[in-house]
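Trainee: I'd like to go through this one with you before I set anything up. Could you put it on the screen?

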Amino acid sequence: TYGSTERRTALYAWAQARELDVCLVEVRCDPSRAQARLAERRARSDDASDAGPQHQAASAQSYDPPREWPKALRLVVDTDAPDWRAVLQAKLQGRS
């Protein structure tokens, strides 16, 4: 959703103008796992998203790493790890 520098910069400026506490969570996984997950979602037919396996390569190609986002307000989570949800929760709680 926020794969472009332009969109993230606008979001950060919007949050700053409203004095909101904001954090960017960059979610990563192996490309083959992403393909499998997208195919599973498509097969279930219960997801409103139009993102499908056919869009994954283009999405990855157009992705801009979030170098412009302040490191103190940026987290990275590897969803290949079985405990990624617990890791994310711990990282978010560590920001408080």
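Trainee: How many helices and strands does the protein chain have?

Mentor: This is a predicted model, and in it the protein chain has four helices and two strands, which run α-β-α-α-β-α from the N terminus on.

Trainee: What box do the C-alpha atoms fill?

Mentor: Taken along the principal axes, the box is roughly 40 × 30 × 25 Å, and of the 96 residues in the protein chain 18% count as buried.

Trainee: Switching to Arg8, is it buried or exposed?

Mentor: Arg8, which is found in helix 1 (residues 5-17), counts as buried because its relative accessibility is 1%, and the cut-off for buried is under 20%.

Trainee: Which residues is Arg8 in contact with, leaving aside its neighbours within four places in sequence?

Mentor: The list includes Tyr2, Leu24, Tyr63, Pro65, Glu68 and Trp69. Tyr2 lies in the segment before helix 1 and counts as partly exposed at 35% relative accessibility, and apart from Arg8 its own contacts beyond four places in sequence include Arg7 and Leu11.

Trainee: What do the side chains of Glu68 and Arg8 form where they meet?

Mentor: They form a salt bridge, with 2.7 Å from N to O. Glu68 lies in the loop between helix 3 (53-62) and strand 2 (74-78) whereas Arg8 is in helix 1, so the pair ties together parts that are 60 residues apart in sequence. Glu68 itself is partly exposed, with a relative accessible area of 32%.

Trainee: How many salt bridges does the structure hold?

Mentor: It holds four, and among them is the one between Arg95 and Asp21, whose closest N and O atoms are 3.4 Å apart. That pair links distant parts of the chain, 74 residues apart, with Arg95 in helix 4 (residues 84-95) and Asp21 in the loop between helix 1 and strand 1 (24-28). Arg95 is partly exposed at 29% relative accessible area, while Asp21 is exposed at 66%.

Trainee: And where do Arg33 and Asp80 lie?

Mentor: The side chains of Arg33 and Asp80 meet in a salt bridge of 3.2 Å, N to O. Arg33 lies in helix 2 (residues 31-44) and Asp80 in the loop between strand 2 and helix 4, so this pair ties together parts 47 residues apart in sequence.

Key
Residues numbered from 1 in each chain as written. Predicted model: local features only at pLDDT ≥ 70, side-chain atom pairs only at ≥ 80, totals over all residues. Heavy atoms only, no water. Buried < 20%, exposed > 50% of the residue type's maximum accessible area, 1.4 Å probe, protein only. Contact = heavy atoms within 4.5 Å.
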